[in-house]
Amino acid sequence: FSTEETKQVLRLSLTEFSLPKFYLLFGISKVKSAAVIAFRSSYRDRSFSPGSYERETFALTSLETVTEALLEIMEACMRDIPTCKWLDQWTELAQKFAFQYNPSLQPRALVVFGCISKRVSHGQIKQIIRILSKGLESCLKGPDNYNSQVLIEATVIALTKLQPLLNK
């Protein structure tokens with residue numbers, strides 16, 4: 001994989017992410033230009049405040065797609081940098097947050113961990129199954145618990161991605 005091929009992957013990815021249909025993946029489908037939202041600040045534009053636009057939910061399936069696209073970009077770049085440890089660092093961070101209770105971050109980290117892991121241990125699978133079990137218990141106590149439902153969805157996505165990495 002040469003540097004020219006890496007540049008081509010980067011160009012295609014940038015073009016792909018610039019299309020309005022991909023704004024939804026990043027949770028910003030209701031804007032005309034992603035750059036306007038990304039670089040707007042209260043200093044430059046007094047009419048903008050964090051609550052002045054309607055936040056969209058960021059579906060875990062969207063996170064899965066974005067993560068896989070970012071992984072493709074990272075792997076393309078890593079081929080040109082022999083000593084690159086980016087993926088190892090990303091995996092380490094994702095694992096840290098996946099196994100640490102946090103209703104906002106844990107489901108997202110589980111999805112990312114499942115998507116980017118190149119190997120998985122039986123101990124890690126056990127931890128994910130425990131998280132799934134706790135999510136199911138919480139749902140049984142109160143089926144309206146949105147965080148538990150998201151956690152269950154995240155563990156299923158992670159287990160689906162990680163299962164092929166297990167030894168037979």
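Helices are DSSP runs of H or I with at least four residues, and strands are runs of E with at least two.

**Figure 1. Overall fold of the predicted model.** The model is predicted. By that assignment, the protein has eight helices and zero strands. Read from the N terminus, the order of elements is α-α-α-α-α-α-α-α. The protein has 168 residues, of which 35% are buried. Among contacts in the protein with a separation of 6 or more, 61% are between residues 24 or more positions apart.

**Figure 2. The aromatic pair of Phe99 and Phe113.** One aromatic pair is present in the structure. The ring centres of Phe99 and Phe113 are 5.7 Å apart and the ring planes meet at 70°, so the pair counts as edge-to-face; the cut-off for that class is over 60 degrees. Phe99 sits in the loop between α5 (86-98) and α6 (106-116), while Phe113 belongs to helix α6, so the pair ties together parts 14 residues apart in sequence.

**Figure 3. Surroundings of Phe113.** Phe113 has a relative accessible area of 1% and is therefore buried, the limit being under 20%. Leaving aside residues up to four places away in sequence, Phe113 touches Thr91, Ala94, Gln95, Ala98, Phe99, Gln124, Ile128 and Leu162. Phe113 is also among the residues with the most contacts inside the largest nonpolar core.

**Figure 4. The largest nonpolar core.** This core has 28 residues. Those with the most contacts inside the core are Leu60, Leu110, Val111, Phe113, Ile116, Ile128 and Leu162. Two or more residues of the core come from each of α4 (60-79), α5, α6, α7 and α8. The element that gives the most is α8, with eight residues.

**Figure 5. The largest pocket and its lining.** The space in the largest pocket is about 320 Å³. The lining has 16 residues, and the closest to the pocket centre are Tyr101, Gln106, Ile131, Lys134 and Leu151. At least two lining residues are supplied by each of α6, α7 (122-141) and α8 (146-162). Helix α7 gives the most, with six residues. By residue class, the lining consists of six nonpolar, eight polar and two charged residues.

**Figure 6. Glu64 in helix α4.** Glu64 is located in helix α4. Its relative accessible area is 18%, so Glu64 is classed as buried. Not counting residues up to four places away in sequence, Glu64 touches Val111, Cys115, Ile157 and Lys161. One of these partners, Val111, is listed among the residues with the most contacts inside the largest nonpolar core.

Figure 7. Helix α4 contains Leu70. With 37% relative accessibility, Leu70 is classed as partly exposed, a class that runs between the buried limit of 20% and the exposed limit of 50%. Leu70 and Ser13 are separated by 57 residues in sequence, and their C-alpha atoms are 8.8 Å apart in space.

Figure 8. Gln127 is found in helix α7. The relative accessibility of Gln127 is 31%, so this residue counts as partly exposed.

Key
Residues numbered from 1 in each chain as written. Predicted model: local features only at pLDDT ≥ 70, side-chain atom pairs only at ≥ 80, totals over all residues. Heavy atoms only, no water. Phe/Tyr/Trp six-rings, centres within 6.5 Å; stacked < 30°, edge-to-face > 60°. Buried < 20%, exposed > 50% of the residue type's maximum accessible area, 1.4 Å probe, protein only. 1 Å grid on protein atoms, 1.4 Å probe; cavity = no way out; pocket = protein on both sides within 12 Å on 5 of 7 lines; lining within 4 Å. Points joined across faces, edges and corners; volume = space filled by probe spheres on them. Nonpolar A, V, L, I, M, F, W, Y, C, P; charged D, E, K, R; others polar. Core = buried A, V, L, I, M, F, W, Y, C linked by side-chain atoms within 4.5 Å. Contact = heavy atoms within 4.5 Å.
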